[in-house]
Amino acid sequence: MQPTDALSDWPEWLTDWPMELAQSRFSAENHGDYPRWQAAIDAMPTAAQLSVGLPQLAAGAVGCSLGISENDSSGSTDAELLIKLEASLQALHPWRKGPFQFGSIFIDTEWRSDWKWNRLADAVGSLADQRILDIGSGNGYFGWRMLGAGAESVVGIDPTLVFCMQHRAVQCLLRHPNHWVLPLGIEEIPSTHAFDWVLSMGVLYHRKDPQEHIRQMYALTEAGGKCVMETLVVDGPASLYPEGRYARMRNISVIPSLAELQQWLVQAGYTNPQLIDLTPTTTEEQRSTPWMRFESLDKALDATNPSRTMEGWPAPLRAIIVAEKCSA
Ligand SMILES: C[S@@+](CC[C@H](N)C(=O)[O-])C[C@H]1O[C@@H](n2cnc3c(N)ncnc32)[C@H](O)[C@@H]1O
């Protein structure tokens, strides 16, 4: 069930993006696990063996129904094909964003990303004919939900290769011609192409210069377009610059206050920043599962006081802000 050349091709209209660089990252030179991941994808049941139902993009779990293809001459049973598929998908551990459902295989990801989508969906509304850029897309879960809301195309960028491989595996099943996840960082793409919507969810606090990150987003937003900024925030007047780790994460540069975050968006040029959601992250929303077997949020909180991280900082609180870029 390997992707066709057309599906693995890059979006042609992103003419001056560094596509050769992106392509070169799908290699053992870039990541020692790449051959193992690609072998797992190559071992997925073929299109001749599995018949794949229409993509289900509107429900919480993105996926499709599966059955044995009428053309299958291998003599495999339904159960054997599903075991083979599940083994391939498990080889792409850790699955952080989802969930996904392929036939009877339920990928119970670390995050209930469907909960975040539910908080966002009304503010986004119909995405008919919209071109989307999802910065830090992970495996592209939100891209599928946005295609389900009518988006014309979704380009995700994420430098973590295993998430790009997960997207590749999902694409083998869902086969959408206008959904890509490229192994690139925001700092590597030019701002010569603008998108109707630019999303940055869970990325800002990893950036050394968060204001520069927002300026890049603004440059990538079409006049008359919108951005979604989702990030950890602190509930108080002052932004937090954690020394050392935050909730066991090493690379957290800043957790802004809501006021400062809104100010940064306006300083970059956006107008009308609207807070559409403010929710503490719970250990029901982010947790270890059979598809993400590493430790998760519960181990990053103070065992005696879960309103604090184990380092003593306020526990994770996440905001979603939607802002606009004026028409030219
Ligand atoms: C906390 S996850 C958020 C994933 C998803 N957007 C969500 O909201 O659930 C942050 C993602 O940002 C990616 N990332 C880190 N640095 C990045 C950069 N410079 N450009 C784009 N993505 C980046 C990471 O690989 C990771 O997948």
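Reply: Arg175 lies in the loop between helix H7 (161–174) and strand S10 (179–182); helices (H or I, at least four residues) and strands (E, at least two) are DSSP runs, numbered from the N terminus. This is a predicted model, in which local features need pLDDT of at least 70 and side-chain atom pairs count only at pLDDT 80 or more, while totals for chains, interfaces and linings use all residues. Residues are numbered from 1 along each chain as its sequence is written, and side-chain values use heavy atoms, with hydrogens and water left out.

Me: What is the phi of Arg175 near?

Reply: Most residues other than glycine have a negative phi. Arg175 is a residue other than glycine with a positive value, and its phi is near 50°.

Me: Which peptide bond has omega near 10°?

Reply: Most peptide bonds are trans. The proline concerned, Pro94, belongs to the loop between helix H4 (78–90) and strand S4 (97–98). The bond is cis and runs from His93 to Pro94.

Me: What is omega for the bond that joins Gly98 and Pro99?

Reply: Pro99 is found in the loop between S4 and strand S5 (100–102). Its bond to Gly98 is cis, with omega about 15°.

Me: How many residues apart in sequence are the parts tied together by Trp10 and Phe26?

Reply: Rings of Phe, Tyr and Trp (its six-membered ring) pair if their centres lie within 6.5 Å; planes under 30 degrees apart count as stacked, over 60 as edge-to-face and the rest as tilted. Among the eleven aromatic pairs in the whole structure, Trp10 and Phe26 are stacked, at 6.1 Å centre to centre with 20° between the planes. Trp10 is in the loop between helix H1 (5–8) and helix H2 (19–24), and Phe26 is in the loop between H2 and helix H3 (34–42), so the parts tied together are separated in sequence by 16 residues.

Me: How many charged residues are in the shell around the ligand?

Reply: The ligand is surrounded by 17 residues, the closest being Lys116, Gly136, Asp158, Thr160 and Met201; a surrounding residue has a heavy atom within 4 Å. Asp, Glu, Lys and Arg count as charged, Ala, Val, Leu, Ile, Met, Phe, Trp, Tyr, Cys and Pro as nonpolar, and the others, Gly among them, as polar. The shell has eight nonpolar and four polar residues, and the charged ones number five.
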